[in-house]
Amino acid sequence: MTLVEAAVENLESALSAERAGAGRIELCASLADGGTTPDAALIADVKKRAAIPVFVLVRPRAGGFVYSDDEFRAMLRDIELARSLGADGIVTGALHIDHTVDMAKATGLIKAAKGLPVTFHRAFDFAPDLADALDQVIECGASRVLTSGGAQTALEGAESIAALVKQARGRITIVAGGGVRDHDVRELLDRTSVSEVHSRMLDVEKMRKLVSLAAPGRGP
């Protein structure tokens with residue numbers, strides 16, 4: 001059964017995603033800018049009201065994924081805050097200026113989660129060699145990697161995602177994300193064999209349909 005993760009930026013969307021049958025929430029702010037860290041009040045509200053797992057995005061700003069030492073320290077504090085508010089997981093990542101994985105910072109962020117599962121987010125898709133990047137993310141200790149296979153959308157990157165699934169060999173979960181919608185999720189699953197997909201919560205009915213196609217019997 002495929003798990004559907006819904007990216008949301010407010011309480012209403014989080015609860016709507018849960019009602020539509022999503023299995024997990026990725027809680028963010030500023031999704032129009034690719035997502036940034038949500039504030040403490042929103043994390044607390046969603047954790048209080050939602051029954052499904054809530055993974056919190058930790059990204060200090062829009063733009064790239066190369067972080068200064070000050071930004072890195074702020075991310076560590078944000079992870080500790082999310083943990084204290086009951087987050088079920090963290091979504092984060094860091095790159096060097098050449099877009100390779102910044103293993104030192106990524107490892108530090110994962111260690112700060114203190115056992116919570118960590119998803120390395122779509123910064124991964126900027127890496128010049130996705131196969132090398134996957135091995136590095138695994139070495140850092142991440143539980144999942146969110147990817148479109150380096151393409152604009154997950155469906156366009158399906159061949160690459162399928163290769164990553166084979167390479168992972170169960171050592172890490174590959175989450176397919178990037179423009180995933182109800183009309184293409186079935187083809188995406190058939191072509192990649194992923195067990196989890198990620199989609200932005202835009203419409204209750206579309207999310208319910210996506211869930212029913214991705215994970216029959218899961219939706220209401």
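Modeller: Before we start, this is a predicted model, and two strands count as paired if DSSP finds at least two bridges between them.

Biologist: Okay, so which residue in strand 8 is the bridge partner of Glu 5?

Modeller: Strand 1 covers residues 3-8 and strand 8 covers residues 196-200, and the two run parallel. Five bridges join them, and pairing takes at least two. Within strand 8, Glu 5 has as its bridge partner His 198.

Biologist: And which residue of strand 8 does Val 4 stand opposite?

Modeller: Stay with strand 1 and strand 8, which are joined by five bridges. Over in strand 8, the residue opposite Val 4 is Val 197.

Biologist: What about strand 7: which of its residues stands opposite Val 197?

Modeller: Strand 7, residues 173-177, pairs with strand 8 in the parallel sense over three bridges. Val 197 of strand 8 has, standing opposite, Ala 176.

Biologist: How many of the residues in strand 8 are buried?

Modeller: Buried here means under 20% relative accessible area. Strand 8 is mostly covered, and of its five residues the buried ones number four.

Biologist: Zooming out, in what order do the strands close into a barrel?

Modeller: Eight strands take part, and their pairing is parallel. From one strand to the next the twist averages 25°. The barrel closes in the order 1-2-3-4-5-6-7-8.

Definitions and conventions: Residues numbered from 1 in each chain as written. Predicted model: local features only at pLDDT ≥ 70, side-chain atom pairs only at ≥ 80, totals over all residues. Heavy atoms only, no water. Axes fitted to C-alpha atoms, helices over the stretch in contact; angles between N-to-C directions. Buried < 20%, exposed > 50% of the residue type's maximum accessible area, 1.4 Å probe, protein only.
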